[in-house]
Amino acid sequence: MRANVDRGLFTTPLTRHAGVEIPIIGGAMYPCGNPELTAAVSAAGGIGIVQPISLTYVFGYDFRAGLKHIRALTSKPIGMNALIEQSSQAYREKMARWIDIALEEGVRFFITSLGKPGWVARRVRPAGGVVYHDATEWKWAQKGLDEGVDGIIAVNNRAGGHAGGKDARALFEELYKLNVPLICAGGIGAPADFAEAMRLGYAGAQMGTRFIASVECRASDAYKDAIVRATEKDIVLSERITGVPLAVIRTPYVERIGTKAGPIARWMLRGGRTKHWMRMIYALKSMWQLKRAAIGEPGPKDYWQAGKSVAGIDAVEPAAAIVRHFAAAWRQEVIAD
């Protein structure tokens, strides 16, 4: 899956699927995915991904109006993230409506996670849409492909959010025989990281933490500063936010309360029926807690999500500069070959 040189542009399966110039995905982030950031990544030649709950709950847009606002900022392709975990039928129905609206507004690139993506693929394929699915290992990647997705977001152990268990190289070696586009998600903080992922054979990279530390992101200055100051050793996995390990920056508050879920929560998460209730409790609590920490005034009980890509981030920059610098590193890699 090496890049091809075509009239000065570098193409991969991702650039062809998404209709973009640079194989960089601005990852869907709750709560940091504001419209201006999404648009800026797309305008720069990558593809920004809309996170519906961020757009509606955090930033207060009607979903269709939010998409139109992004469209007013850029005419370049944008994508949508569909979290399809089945704990709530009402949420499932709302997500289906959001997907239909996105299709009506011209979105054709979708990323699914936390569930079976078949119903999304069946919904978007007739409209010419493409679906990539998050996976941390072969089992989940194969299930996604069995459900009809077109590519895999390979989430490694350096990712922010819900990280995987393998490093980028091991995960690629495990998944490449699936013969579909693989996107490196995790650990891409510096241009050299992006070039290395492309050298391994990935069709592109998904970046979240790097774009939180951007000018267009509406995360608080305290959050951005924490990312710039953090080292890889400052990233820990906490079960206390969503019930499953979530990558966050180590703060005095995180150290004080620990990173393990409580005994009642652990018991409920093991049950066939109670795990859905517990996930819903965690989801509602974390939505409010992460929103306050990311875009509100800094508080003593803040959680800041971030991946180990913080090791390569040393400044807050415009999204266009980030994409440009990463593309230049990749271009140099191809020319050197």
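Strands here are DSSP runs of E, at least two residues long, and helices are runs of H or I, at least four residues long, all numbered from the N terminus. Strand 8, residues 151–155, and strand 9, residues 182–185, pair in the parallel sense over four bridges. Two strands count as paired if DSSP finds at least two bridges between them.

A word on the source. This is a predicted model, where local features need pLDDT of at least 70 and side-chain atom pairs count only at pLDDT 80 or more, while totals for chains, interfaces and linings use all residues. Residues are numbered from 1 along each chain as its sequence is written, and side-chain values use heavy atoms, with hydrogens and water left out.

Eight strands form a closed barrel with parallel pairing, in the order 3-4-5-6-7-8-9-10. From one strand to the next, the twist averages 30 degrees.

Next, helices on strands. Helix 4 lies across strand 4 (47–50) and strand 5 (78–83), and runs at about 150 degrees to strand 5. Helix 5, residues 89–104, lies across strand 5 and strand 6 (109–113). Its angle to strand 5 is about 165 degrees. Axes are lines fitted to C-alpha atoms, for helices over the stretch in contact, and angles run from 0 to 180 degrees between N-to-C directions.

Now helices on helices. Two packed helices are described by the angle between their axes and the distance between the axes. Take helix 2 (residues 35–43) and helix 4 (residues 63–73): their axes come within 9 Å and cross at roughly 40 degrees. That makes helix 2 oblique to helix 4. On the cut-offs, under 35 degrees is roughly parallel, over 145 roughly antiparallel, 65 to 115 roughly perpendicular, and the rest oblique. The crossing of helix 2 with helix 4 is right-handed. Right-handed means the near helix is turned clockwise from the far one by less than a right angle; anticlockwise is left-handed.

Which residues make the contact? Helix 2 brings Pro35, Glu36, Thr38 and Ala39, and helix 4 brings His69, Ile70 and Leu73. Contact means heavy atoms within 4.5 Å. By class, that is four nonpolar, two polar and one charged. Nonpolar covers Ala, Val, Leu, Ile, Met, Phe, Trp, Tyr, Cys and Pro; charged covers Asp, Glu, Lys and Arg; the others, Gly among them, are polar.

Helix 4 also meets helix 5. Their axes come within 10 Å and cross at roughly 35 degrees. This crossing, too, is right-handed. Phe63, Arg64 and Leu67 of helix 4 touch Trp98, Ile101, Ala102 and Glu104 of helix 5. The classes are five nonpolar, no polar and two charged.

On to aromatics. The whole structure holds seven aromatic pairs. Rings of Phe, Tyr and Trp (its six-membered ring) pair if their centres lie within 6.5 Å; planes under 30 degrees apart are stacked, over 60 edge-to-face, the rest tilted. Phe109 and Tyr132 have ring centres 5.1 Å apart and planes at 55 degrees, so this pair is tilted. Phe109 is in strand 6 and Tyr132 in strand 7 (residues 130–135), so the pair ties together parts 23 residues apart in sequence.

Last, the backbone. Most residues other than glycine have a negative phi, and most peptide bonds are trans. Tyr30 and Pro31 are joined by a cis peptide bond, with omega about 5 degrees. Pro31 sits in the loop between strand 3 (24–26) and helix 2. Leu114 has a positive phi, near 65 degrees.
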